[in-house]
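I opened my notebook to look at how two chains meet and what surrounds a ligand. My entries follow.

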Amino acid sequence: MKILVCISKAPDTTAKISFKDSNRKFEEAGVQWIINPYDEWYALVKAIELKEQDANNTIHLITVGGVDCEPIIRKALALGGDEAIRINVDSDDSYCIAAQIAEVAKNGNYDLVLTGKETIDYNSSSIGGMLSELLDMPYISLATRLEIEGNTAKVSREIDGGEETAEVTLPLVVSCQKGVAEQRIPNMRGIMAARTKPLKVSEPITINALTSIVSFDLPPAKANVKLVAADNVAELARLLHEEAKAF
Amino acid sequence: MSVLIIIDQTDNQIKKSSFEALTYGVSVANQLGTNADALVLGTVNDNLPELGKYGIKKVYTISNTKLNVVDAQVYAAAIATATNETGANVLIFSHNQTGKAVAARVSAKLQAGIVTGACALPDTTNGFVVKKTVFSGKAFANVSINTPIKIIAINPNSFYTSFTDGTAEVSELNITVGLPKVRVIDVNKISGEVPLTEADIVVSGGRGLKGPENWGILLDLAKELGAATACSRPVGDAHWRPHHEHVGQTGVQIAPNLYIAIGISGAIQHLAGVNRSKVIVVINKDPEAPFFKAADYGIVGDAFEVLPQLTEAIKKIKASA
Ligand SMILES: Cc1cc2nc3c(=O)[nH]c(=O)nc-3n(C[C@H](O)[C@H](O)[C@H](O)COP(=O)(O)OP(=O)(O)OC[C@H]3O[C@@H](n4cnc5c(N)ncnc54)[C@H](O)[C@@H]3O)c2cc1C
Ligand SMILES: Nc1ncnc2c1ncn2[C@@H]1O[C@H](COP(=O)(O)O)[C@@H](O)[C@H]1O
């Protein structure tokens, strides 16, 4: 089975969020980049688990982004990918990114395409759906469990107030979240091996963006917390009822 | 030209998030000087003409029971066809589980720009710009949609529903529904509990509660408030609570009217999942806990003493109301 895992870079979860160029660009100075947690912990680790179950499975990684994505994709290779491709273009339009990935995937005969449930910077939850449409494959979003038997996937996904389990014949696109796999730490052997694994760089195809980011805003600062003394708990209930009208 | 609001259902009942989408979609239509219609997929028990009270003119239906289960591929095809048949140029989804499965697929199919996680009405003074939450609620992006057909998926719990009266005309669309490739074999709903992402009030516990055996006082408070329950990541990881309750950057993201955090320090990754809540209450014995900086109300105190008193006080207020 051939597996394609979509890897995005993301700012470290503790990064300070600020903007520059009159609020038109994210301030990247001082920001540590990590593999988007959903892509690493769930999508990639699931692919590695599947390869551990069957050594014939191959894992290809793809990232769409500039040269600053290379440390991220190398780290992903260290965790366990077989080879990687970087499409050399920076875009903030989900469709542009999805179309670049689809172009590669179309010719790759992948049985399984895995994404994270969302990137922790743009929070779009869009690439997986777009990719599945462009590849004309079924799509399972927000997966919480994924098992493969032969050419059938058994997968659970989050639905409103619960979980739904379904069977789907491959090929299939799945967006992964908590539950699909358990987070791992790359070991020394993987890091050494990653240095010799192929990382191909391709130029993008021309795609017209459907959207563009005009500007960013930060939320207004919160007013100070209203503290209620621990021996006056009833006052908190009163404030929540009368002032905040919260119940 | 019209606005088409995609209605989502669970167990043949229209979801609360769809009523929010109706209100939002009608506002968009008013702004654009056009009319808003709804599209109901599958069969629902709701009274459809009554949806007119939200201000929509028509309810289009595709009453095919195959659509009672969400298969993204089948849904996207049906919605794209309905868009073309009704001549809609703005589609509204809720950015809930169904929206996340389907909306982006429709976007790719129709080559229509999409903004997911929208948190305000579009700004149409210069183009069509929609504000959305980014960086897990720590910032907003204003995104311009540059295509003739525009898709907006709104954050659940970000818009109040409002309605007056009026009836809508119901008309069935004659659309062929594809064969689902996804075969659902099991649905597991946590019965009797309020689903976390739709809850008005969420009561949440962290490591400060010390162990699963202590959750009783939290559950009592939640029950009194009719609230859903949540937890911090370490609590989910340690299996003190089921993993689907974990909120935060890597867990569920919520925006209830009231979020009560008990024994949670307020790490940035936790805040990323809850900072869109309208009112945040923090109960923590450490006055330096970072969560107090993000809170509207707080008590510095021991949860084991504060919680039972809070439940009692709320019970009294409710009894006298
Ligand atoms: C990449 C990444 C992603 C993450 N994603 C998430 C996420 O999605 N969600 C999440 O929650 N975390 C996440 N975390 C973990 C996060 O950084 C914190 O470690 C976690 O939120 C802490 O959980 P906690 O507040 O329950 O525990 P602690 O930090 O241990 O805090 C316990 C709190 O309880 C208080 N307390 C103790 N006893 C009492 C008492 N008797 N009464 C009242 N208060 C008391 C203490 O003062 C303390 O503030 C993530 C971390 C990383 C690195
Ligand atoms: N630039 C990118 N390159 C490769 N994969 C990406 C990229 N951006 C997003 N993805 C994948 O798509 C998923 C969803 O991203 P998004 O739709 O942006 O929230 C991520 O978790 C990644 O798996």
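Which side chain of chain A does Lys109(B) meet in a salt bridge? I looked it up: the partner is Glu133(A), at 2.8 Å, N to O. A salt bridge is a side-chain nitrogen of Lys or Arg within 4 Å of a carboxyl oxygen of Asp or Glu. I counted 4 salt bridges between chain B and chain A.

I noted how to read this. The model is predicted, so local features need pLDDT of at least 70, side-chain atom pairs count only at pLDDT 80 or more, and totals for chains, interfaces and linings use all residues. Side-chain values use heavy atoms, without hydrogens and water, residues are numbered from 1 along each chain as its sequence is written, and chains are lettered from A and ligands numbered from 1 in the order written.

Next, the interface. I found 86 residues of chain B in contact (heavy atoms within 4.5 Å) with 80 residues of chain A.

Then I checked strands. Strand β11 (residues 162-169) of chain A and strand β12 (residues 182-189) of chain B run antiparallel, joined by 7 bridges. Strands are DSSP runs of E, at least two residues, numbered from the N terminus. Two strands pair if DSSP finds at least two bridges between them. I saw Thr165(A) opposite Asp186(B) in β12(B).

Last, ligand 2. I listed 18 residues around it (a heavy atom within 4 Å). Cys6(A), Asp39(A), Val64(A), Ser125(A) and Ser126(A) come nearest. A polar backbone atom of Ser126(A) is 2.7 Å from an oxygen atom of ligand 2.

Note on methods:
Helices (H or I, at least four residues) and strands (E, at least two) are DSSP runs, numbered from the N terminus. A polar contact is a pair of N or O atoms within 3.5 Å; within protein, one must be able to donate a hydrogen and the other to accept it, and residues adjacent in sequence count only if both atoms are side-chain atoms.
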